[in-house]
Amino acid sequence: MNVFFASLGLLLLLLFLPLLAALIYIDAPGPIFYTQERLGYKGSTFRMYKLRSMYVRQEQTAHFAWTARHDPRVTRMGRLLRAAHLDEIPQVINILRGEMSLIGPRPEVADCATKLEALVPRYRQRLLVKPGLTGLAQVMHHYGDTLQDEETKLIYDFYYVEHQSFRLDVLILFRTMGEVLLRHGR
């Protein structure tokens, strides 16, 4: 399932990248891709790829800051990319490299993970599976921008780790398609 969907995603990325790259650059000059170190399986680190959706100066200085609903750091094109979840498509490269899975808890920034681990003792349990492009927390809870939201999403992550199955993955995949079609991104 990972290879099949990641290959389809890579094809989409290659088809639309010239247009998306031009629109991203025209809206806010700078790099087209954004990479960030994230925690993966069993706490290993990897560089996660995304299409850039924020102004360059903001992304470089933003460390442990959740994106708010009308965040001024996000570009106009970035808002569209996020609403359609197109900014996430380059993560298919991470899937093909074996750093991520299609389904699993979202990979977290190390600084954020350290803070959450201090508050939620079981936090590291979510690292017992590969992080995913989408996950149960993403389809069951809105985009979080508070500690309470993160704690709620952790409950879904823990559930996924404990009940991981092909059936659950398919359910999450269909729910994700619904979220994308309804443009529930931020």
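Visitor: Where does alanine 21 lie, and what makes that stretch a helix?

Guide: Alanine 21 lies in helix H1. Helices here are DSSP runs (H or I, at least four residues), strands are runs of E of at least two, and both are numbered from the N terminus. This is a predicted model, where local features need pLDDT of at least 70 and side-chain atom pairs pLDDT 80 or more, while totals for chains, interfaces and linings use all residues. Residues are numbered from 1 along each chain as its sequence is written, and side-chain values use heavy atoms, leaving out hydrogens and water.

Visitor: Why is alanine 21 called buried?

Guide: Buried means under 20% relative accessible area, exposed means over 50%, and partly exposed is in between (1.4 Å probe, protein chains only). Alanine 21 has 18%, so it counts as buried.

Visitor: And what makes leucine 10 partly exposed?

Guide: Leucine 10 is also found in helix H1. Its relative accessible area is 27%, so the label is partly exposed.

Visitor: Which residues does leucine 10 contact, beyond its neighbours within four places in sequence?

Guide: Those are Val92, Ile93 and Leu96; contact means heavy atoms within 4.5 Å. The C-alpha atoms of leucine 10 and glutamine 91 are separated by 9.0 Å, although the two are 81 residues apart along the chain.

Visitor: Why is H1 called oblique to H3?

Guide: Two packed helices are described by the angle between their axes and the distance between the axes. H1 (residues 2-27) and H3 (residues 76-83) pack at about 140°, with axes 8 Å apart. Axes are lines fitted to C-alpha atoms, for helices over the stretch in contact, and angles run from 0 to 180 degrees between N-to-C directions. Under 35 degrees is roughly parallel, over 145 roughly antiparallel, 65 to 115 roughly perpendicular, and the rest oblique. That makes H1 oblique to H3.

Visitor: Which residues make the contact between H1 and H3?

Guide: From H1 come Leu20, Leu23, Ile24 and Asp27, and from H3 come Arg76, Met77, Gly78 and Leu81.

Visitor: What makes phenylalanine 4 and phenylalanine 5 an edge-to-face pair?

Guide: Rings of Phe, Tyr and Trp (its six-membered ring) pair if their centres lie within 6.5 Å; planes under 30 degrees apart are stacked, over 60 edge-to-face, and the rest tilted. By this rule there is one aromatic pair. Phenylalanine 4 and phenylalanine 5 are 5.2 Å apart, centre to centre, with 80° between the planes, giving an edge-to-face pair. Phenylalanine 4 is exposed, at 52% relative accessibility, whereas phenylalanine 5 is partly exposed, at 27%.

Visitor: How do you know that arginine 122 lies over the ring of phenylalanine 158?

Guide: A charge sits over a ring if NZ of Lys or CZ of Arg is within 6 Å of the ring centre and within 35 degrees of the ring normal. Arginine 122 lies over the face of phenylalanine 158, at 4.2 Å from the ring centre.

Visitor: Is lysine 42 buried or exposed, and where is it found?

Guide: Lysine 42 is found in the loop between strand E1 (33-39) and strand E2 (45-51). With a relative accessible area of 60%, lysine 42 is exposed. Its phi is near 55°, a positive value in a residue other than glycine.

Visitor: Why is proline 105 called buried?

Guide: Its relative accessible area is 2%, so proline 105 counts as buried. Proline 105 lies in the loop between strand E3 (101-103) and helix H5 (110-119). Not counting residues up to four places away in sequence, proline 105 touches several residues, including Arg126, Pro131 and Tyr160.
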